[in-house]
Amino acid sequence: MPRRRTLSDEQLLAMVLALIHAEGPDAATFAAVAKVSGLSGSTLVQRFTTKAAMLRAALLYAWDRLDAETARLTGSVANTPDGAVALLVGLSQDHGDNAAAYGEGLLVLREDFRDPVLRARGAVWGTALTAAIARCFGSASAPETIARLMLSQWQGSLTWWGFGAEGPVDKYVEMELRRFLAAVKS
């Protein structure tokens, strides 16, 4: 009879993801995960088979969490341009006010681009987020185009914040998205 798991998959994946965010994707080795989880390396190999499979599982878990947060925020904001700003500011909250930590997080994005399964997951999220933002501009003549432009502005504002780190990221993102809305209205 198989032994009962001491850590659920979700608990373990959360630990792997925390390690990835703290030390980068390359640090997520079986030995490092064994140390933080208290599980043996052989147990981790039984669960994941390879380091690449463990990394993929952790990043898919991260996508699940992002999907859930996006759905939660989408359901809590009004379908207005201000609601679109609130949604994107809400999705920016995790970056805090540490530009260096944000830069380290870009290493995770690199892993998403490298793995076709993760890249496809990101594309699905992008499509859903575009649709949510487009609903906020439903009365405009080209709501999906405005949504795509706003998402580009959002991602660009995160990058520029990283270079300048002018206070908390959510305040900077909100300011930049409000500038975008003002330009779109002109």
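Visitor: Which residues does leucine 87 touch, not counting residues up to four places away in sequence?

Guide: In this predicted model, leucine 87 lies in helix 5. Leaving aside residues up to four places away in sequence, its contacts are Thr70, Leu73, Thr74, Val77, Leu129, Ala132 and Ile133.

Visitor: How far apart in space are leucine 87 and leucine 129, C-alpha to C-alpha?

Guide: Leucine 129 is one of the residues that leucine 87 touches. The two are 42 residues apart in sequence, and their C-alpha atoms are separated in space by 9.4 Å.

Visitor: Does leucine 87 count as buried or exposed?

Guide: A residue is buried when its relative accessible area is under 20%. Leucine 87 has a relative accessibility of 1%, so the residue counts as buried.

Visitor: Which residues are closest to the centre of the largest pocket?

Guide: The largest pocket holds about 1500 Å³ of space. Its lining comprises 40 residues, and the closest to the centre are Trp63, Leu66, His95, Leu109 and Trp125.

Visitor: Which elements give two or more residues to that lining?

Guide: By class, the lining has 21 nonpolar, 12 polar and 7 charged residues. The elements giving two or more residues are helix 1 (9-23), helix 4 (51-76), helix 5 (81-92), helix 6 (99-114), helix 7 (116-135) and helix 8 (143-164).

Visitor: What percentage of the chain is helix over the annotated "DNA-binding region"?

Guide: An unreviewed UniProt entry places this annotation at residues 29-48.

Terms used:
Residues numbered from 1 in each chain as written. Predicted model: local features only at pLDDT ≥ 70, side-chain atom pairs only at ≥ 80, totals over all residues. Heavy atoms only, no water. 1 Å grid on protein atoms, 1.4 Å probe; cavity = no way out; pocket = protein on both sides within 12 Å on 5 of 7 lines; lining within 4 Å. Points joined across faces, edges and corners; volume = space filled by probe spheres on them. Helix = DSSP H or I, 4+ residues; strand = E, 2+ residues; numbered from the N terminus. Nonpolar A, V, L, I, M, F, W, Y, C, P; charged D, E, K, R; others polar. UniProt positions renumbered as here; feature names shortened; annotations may be inferred. Buried < 20%, exposed > 50% of the residue type's maximum accessible area, 1.4 Å probe, protein only. Contact = heavy atoms within 4.5 Å.
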